[in-house]
Amino acid sequence: MSELRFDHVSVRYGSRSTGLTAVDDVSLTIPSGSVVGLVGESGSGKSTLARAAIGLAPVTGGAITLDGVDVAKLRRRHPIQMVFQDPFSSLDPRMAIGESIAEMIPRGTFSSAAAKRAEVGRLLKLVNLDPDRAGSLPGALSGGQRQRIGLARALAARPEVIIADEITSALDVSVQGSVLNLVRNVCAELELTMLFISHNLSVVRYLSDYIAVMYLGHIVELGPVDEVLNNAKHPYTRELLASVPTRNGDLLAVDPAAPMDVEPADPHHPPSGCRFNPRCPIGPLVHPERQICVQSAPQLPTTPGHATACHFADPTRDRVPQPFEPSW
Amino acid sequence: MTSTMTETVAAPTAASRAGISPWLTFAVRRGGQFILSLWVLITAAFLMIHLVPGDPVRAALGMNAPAELVEARRAALGLDQPLIVQYVNYFAKLFTGNLGVSTITNEPVAHVIATRLPATLQLALLACLLVLLIALPLGVTMAVATRGSRRRGLELTFAIVCVVFAAIPEFLLGVGLVYIFAVNLEWFPIAGNDSPLGLVLPVIALAIGPIAVFSRIIRVEVLSVLGQDFVRTARAKRLAPRKIYIRHALPNAMTATLTLTGLLISGMVAGTVLVENIFAWPGLGTMIVQSILSKDYPVVQSVVLIYGIGVLLVNLVIDIVLALLDPRSTIRES
Amino acid sequence: MPTRLKWLSIVRSPVGATATVLVLIVALLAIFAPLLWGAQAEAIDTAGTQQGPSAEHLLGTDALGRDVLARVLIATQLSVALAVIAVVIGVTVGTLLGTAPSVLPRWAARLVVGIVNIAVAFPGLLLALFLAAVFGVGATGAVFAIGLAMAPSFARLTQTMSAAIAGRDFISAARAAGVSRLRVLIRHVLPNIAEPLIVNATVAAGGALLAFAGLSFLGIGVQVPAYDWGKLLSEGLNRIYINPAAAFGPAVAVVVAGLAFNLLGETAASVAGGRVATGRWTLPPLPQPATRTVPAFPNVSVGTILSIENLRVSYPTPNGLVHPVRGVSFEVREGEALGVVGESGSGKSLTALAASRLIEPPGVVDADRLEFNGIQMLTAPEKTIRGLLGTSLAMVFQDPMTSFNPTRRIGSQLAEAAQEHQGMSKKDAMKRAVKQLQAVRVPAATRRAEQYPHEFSGGMRQRAMIAMGLMNRPKLIIADEPTTALDVTVQRQVLRLLERVRTDTNAAILLISHDIAVVSQSCERVLVMYAGRVVEDLPTAELYTGARHPYTRALLEVVPDLDTDREQPLGVIPGRPPAPGEVPLGCAFAARCPLATVQCRESDPELETHRDKHRVACWNPVGGDTRVTLPELSTAAPRTEAAPVATVGGAQ
């Protein structure tokens with residue numbers, strides 16, 4: 001068992017007056033052995049949430065627990081490991097890759113240096129790299145290979161949970177597949193729990209069992225991946241889906257209801273009520289009577305299954321065709 | 001990518017919506033830093049006299065001075081009081097412009113400094129002006145002429161000439177100039193500031209090293225600005241090359257140049273000490289060396305303080321100009 | 001570059017070699033001079049004091065008749081030793097102060113940083129004078145004074161560099177695995193900053209040498225009977241009228257030794273920064289295309305705005321010329337939306353820059369034809385080109401943050417385009433700028449025109465960039481990855497804006513992107529580029545059904561979509577594209593292509609018209625409904641990346 005729970009977690013940076021709440025009261029459970037995909041635009045707080053889980057961002061409210069134990073109290077073990085976005089900054093350029101991996105092996109796991117070397121070799125093999133390359137410096141490797149080293153390094157710590165933060169966004173599409181296939185196979189084989197963060201919905205869909213959509217520090221929609229993508233209820237999720245460039249979509253199509261030319265929200269001063277309301281195609285901009293969206297923030301239901309934090313997510317009530325300033 | 005986006009989206013409106021002008025925040029922060037630095041400087045100057053191993057008064061008056069004289073001088077300097085009282089008194093005196101008296105000549109230090117400071121300032125300011133007037137156009141011209149690996153021979157020559165001149169210390173240069181132009185050619189006076197001609201050699205001795213260092217740095221700065229995206233945008237607008245350099249490249253290279261000017265002036269302070277000694281220039285530089293040799297601590301203390309305040313003021317002014325020039329710097333840091 | 005090779009290249013450059021030899025000579029003198037000339041330097045000759053240069057005493061003698069040359073040579077030891085000790089003190093104290101903030105608690109760290117910031121603004125020599133006053137005059141005082149005076153700048157350097165290292169992900173990874181701060185500092189931070197620290201220490205040694213000379217010259221450095229170069233210098237200067245050589249000797253010694261350290265450090269710095277000139281390279285003349293007169297498109301058809309034929313972009317490298325763009329030909333018609341897609345290194349951006357005449361030396365652009373709006377851009381006078389491109393060509397770049405001048409207001413940056421080319425007054429141009437900002441739907445355009453770029457969000461900045469292009473009357477808009485730095489929702493807005501501009505103004509659009517889906521959704525025609533060439537050119541309507549180049553097929557195959565089968569592994573194109581300097585003889589894709597034959601490896605296929613509006617460069621183009629099956633990387637067995645295991649269903 002290794003269930004990662006975020007329980008009303010907030011992460012706040014800076015002072016009271018000028019600070020920024022990057023993650024605001026987020027609750028999210030990653031069931032043992034499953035993959036939760038986290039999507040959202042830049043500044044939505046998805047990376048901050050991940051960094052909070054491994055102690056790289058300050059948890060200012062709530063708790064992050066692994067099987068009921070606060071992760072901050074797990075001093076000896078480091079059961080949550082992360083694979084980073086940038087393959088060029090995530091490996092020490094002056095340290096041989098084998099050494100980088102060995103550094104993560106928990107102390108006392110292996111008594112002899114030879115056993116440690118063998119473990120490094122095994123990990124390199126696991127990520128489809130030649131164990132003989134343990135002595136190479138990262139500079140000699142391609143971006144895709146570096147990301148695989150990043151995974152091997154995370155695995156060296158014997159983790160129960162892997163957090164993958166935009167691991168393919170710096171790679172060319174032709175190698176992206178090899179990294180994603182590898183991550184998927186390794187996690188299935190080792191029965192790891194994973195939080196997979198990406199801005200690319202297609203990639204998230206491919207890898208995840210569940211999907212969580214973040215907007216300005218809140219989770220706005222959450223549920224099994226097919227449920228959320230085929231039957232998106234939150235207007236933001238819908239906008240996101242409509243914006244994904246796909247072979248069958250139509251990016252240039254015009255959604256007459258969506259307010260197009262609004263300024264992006266300022267995370268330092270989020271809008272009151274529902275944070276999406278200034279952009280929302282079914283909110284007070286289009287339906288002036290829906291003042292509740294400005295007055296109170298919708299809560300994400302705690303019921304299992306597909307949940308949406310929206311006052312008007314009921315599918316029978318949205319998509320009211322309304323004359324709106326014609327967009328192009 | 002993710003982090004830069006957050007930053008660029010978030011940065012602009014943060015301070016403005018908090019109701020405080022970013023300028024005010026900047027002024028408070030920078031002013032605070034100035035006062036703090038000043039305090040550290042004054043404290044260091046105050047402590048100097050106490051850091052000297054043994055008794056500074058005894059050291060200054062010599063081993064053979066009568067004990068009564070030493071005691072009297074100690075009392076006159078207030079050295080017999082508790083440290084904290086001395087510290088408070090030191091501050092109190094500073095604010096009234098009282099810098100104490102020289103242990104050697106008994107002259108008020110403030111008076112000595114007042115007579116000597118203008119000579120040093122004259123030298124330093126003229127040299128700074130000369131450096132900027134020559135190094136700035138030279139650096140920009142070299143950058144434009146050698147960008148994109150053009151004229152590699154010129155680039156190499158320029159680099160070598162600059163490194164060589166930067167490695168010749170001011171005092172050697174000064175001596176060389178004296179030997180050639182004053183002793184042999186007799187074009188300029190050997191020393192002193194009796195005639196305007198007397199300024200020529202010391203100013204040149206002071207300026208040549210910084211010109212070499214500066215023009216090289218400015219060249220690199222301008223080159224890096226010329227390689228930036230917005231210069232490509234300006235070129236994509238098909239502006240005349242002159243406008244690209246003057247409107248787009250120069251203001252951005254200026255920020256780095258101004259930061260360097262701070263260093264230049266700091267370096268100039270050191271330079272004046274040496275050059276003044278070569279040309280027997282009646283400034284602070286000759287005085288501080290004499291005072292160190294004669295262990296006239298109140299004078300050393302005050303001269304160091306004056307130099308330090310000068311440097312702090314220059315840096316303050318430069319930061320303010322920088323903020324006016326580059327609106328990002330005020331907001332980024334607040 | 002391997003470390004050893006890197007350091008060797010210092011010695012290879014002429015300046016570096018000279019510096020190394022000089023430093024070696026100084027070091028040898030410092031060790032052996034006292035043994036060789038010790039007696040000579042101390043031999044007092046009361047009969048021959050203060051002599052000028054002679055065969056016996058090359059630099060003459062001093063006030064006690066001692067040989068000045070011998071004394072200069074012997075003084076090397078003390079001068080260098082003092083400088084080295086001072087540097088060691090400075091670097092040690094500086095590094096301690098500089099790294100302390102990363103292990104100390106936060107308040108203490110801030111205190112240290114604050115103190116260093118104040119100390120660093122303080123002139124070094126003044127600090128040295130202050131400390132000399134405290135320590136008393138003499139060599140010991142001077143060493144501490146100069147060493148400690150150096151410390152703040154080394155502390156600042158260490159701080160800046162370790163802060164840069166600390167922000168990188170491998171530090172986060174180590175911290176997440178519970179590696180202690182001290183261990184992170186020792187194992188990760190220090191090794192990564194050691195190189196620049198050593199380089200700076202070398203330069204500082206040169207500086208220290210001069211500083212000691214300065215102090216001794218002022219009489220507050222080394223005291224008699226000891227002597228260093230500074231001391232000898234000030235003795236010599238007293239007698240400069242009698243015997244200039246006595247001053248000249250130590251002066252040359254100081255300058256040469258200081259210069260040697262400086263130059264060595266400088267060369268090392270440029271090697272460490274990867275910008276050493278290892279030997280000079282000159283541009284060999286580009287082979288002129290033999291048949292300039294017979295272009296493949298004999299006449300540019302009416303309605304063509306941009307016509308490019310056999311475009312090449314070359315850059316000199318130490319290993320000779322490389323050609324990141326190797327013979328690209330295409331046309332853009334009025335009002336057309338043409339997409340160019342390719343992976344990083346495919347040459348797509350360079351093609352766009354070359355087409356807009358924005359390649360700067362040392363890059364060289366060469367083409368059989370580069371014609372924009374009927375003007376030959378490789379031969380027409382510069383002024384004509386500037387006027388033409390200024391009014392009829394607009395560029396939109398990838399990063400809207402860096403593409404605006406940070407020190408000028410958005411409005412004036414827009415206005416200057418119209419002022420330059422339409423002779424508009426500043427006032428009219430500003431009015432037009434506001435109008436264009438409104439046209440691209442920047443809210444509150446009048447107010448925003450007065451703002452600086454950093455006050456705009458990414459999407460709004462990109463709109464302003466498009467508005468800037470619209471200040472004149474563009475016939476072609478070249479957009480180089482205009483949405484790569486933006487969120488998908490903003491990307492859609494920007495793409496729609498470009499589309500609206502196209503329909504409103506009939507300007508053609510050349511959209512460069514790495515995302516084939518973006519191109520397929522927003523363009524009518526797509527060029528697929530690989531290793532500096534166009535491999536396929538086809539209407540986007542046929543992209544998913546009729547692409548014939550195996551690379552195009554593979555590209556479409558590997559991109560996961562919202563309906564990708566999740567039970568199947570994702571497709572992978574094995575291997576990686578060739579670097580510009582290593583393009584093979586035949587088809588550049590052959591090494592990764594499942595269909596490659598001997599012919600493919602031996603000769604490069606031409607881009608040939610396959611059907612109306614469909615060109616492909618392939619010896620074995622894929623048939624209409626063929627599916628290229630790509631291998632997947634299985635986790636079971638490691639496989640070399642160069643050997644694709646691929647099958648082609650239903651090809652032959």
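Select C:Glu536 and then strand S13 of chain C, where C:Val616 is the bridge partner of C:Glu536. Strands here are DSSP runs of E of at least two residues and helices are runs of H or I of at least four, both numbered from the N terminus. The model is predicted, so local features need pLDDT of at least 70 and side-chain atom pairs count only at pLDDT 80 or more, while totals for chains, interfaces and linings use all residues. Residues are numbered from 1 along each chain as its sequence is written, chains are lettered from A and ligands numbered from 1 in the order in which they are written, and side-chain values use heavy atoms, leaving out hydrogens and water.

**The sheet of chain C**

Two strands count as paired if DSSP finds at least two bridges between them. Next, show the whole open sheet of chain C: 8 strands in the order S7-S8-S9-S3-S10-S11-S13-S12, with mixed pairing. At its edges stand strand S7 (393-396) and strand S12 (608-611) of chain C, each pairing on one side only. On average, neighbouring strands of this sheet are turned by 20 degrees against each other, direction ignored.

**A hairpin in chain C**

Move to strand S5 (residues 369-372) of chain C. What covers or exposes its two faces? C:Arg369 and C:Glu371 on one side and C:Leu370 and C:Phe372 on the other are all buried, that is, under 20% relative accessible area with a 1.4 Å probe and protein chains only (exposed is over 50%, partly exposed in between). Strand S1 (residues 304-317) of chain C pairs with S5(C) in the antiparallel sense over 4 bridges, and C:Glu309 stands opposite C:Arg369. S5(C) and S6(C) form a hairpin with 2 residues between them, and C:Asn373 in the turn has a positive phi of about 55 degrees. In S6(C), C:Ile375 is the bridge partner of C:Phe372.

**C:Thr564**

Select C:Thr564, in the loop between helix H20 (550-558) and helix H21 (598-602) of chain C. C:Thr564 is buried, with a relative accessible area of 19%. Leaving aside neighbours within four places in sequence, its contacts (heavy atoms within 4.5 Å) are A:Arg205, A:Tyr206, C:Val559 and C:Leu570. A polar atom of the C:Thr564 side chain lies 2.5 Å from the backbone nitrogen of C:Asp561.

**Where chain C meets chain B**

Finally, display chains B and C together: 70 residues of chain C are in contact with 72 residues of chain B. Between these chains there are 5 salt bridges, each a side-chain nitrogen of Lys or Arg within 4 Å of a carboxyl oxygen of Asp or Glu. Zoom in on C:Glu416, which forms a salt bridge with B:Arg247, the closest N and O atoms being 2.6 Å apart. Helix H10 of chain C gives the most to the side of chain C that touches chain B, with 7 residues.

On chain B, select helix H10 (residues 229-236): 7 of its 8 residues are buried, so the helix is largely enclosed by the rest of the structure.

Key: Axes are lines fitted to C-alpha atoms, for helices over the stretch in contact, and angles run from 0 to 180 degrees between N-to-C directions. A polar contact is a pair of N or O atoms within 3.5 Å; within protein, one must be able to donate a hydrogen and the other to accept it, and residues adjacent in sequence count only if both atoms are side-chain atoms.
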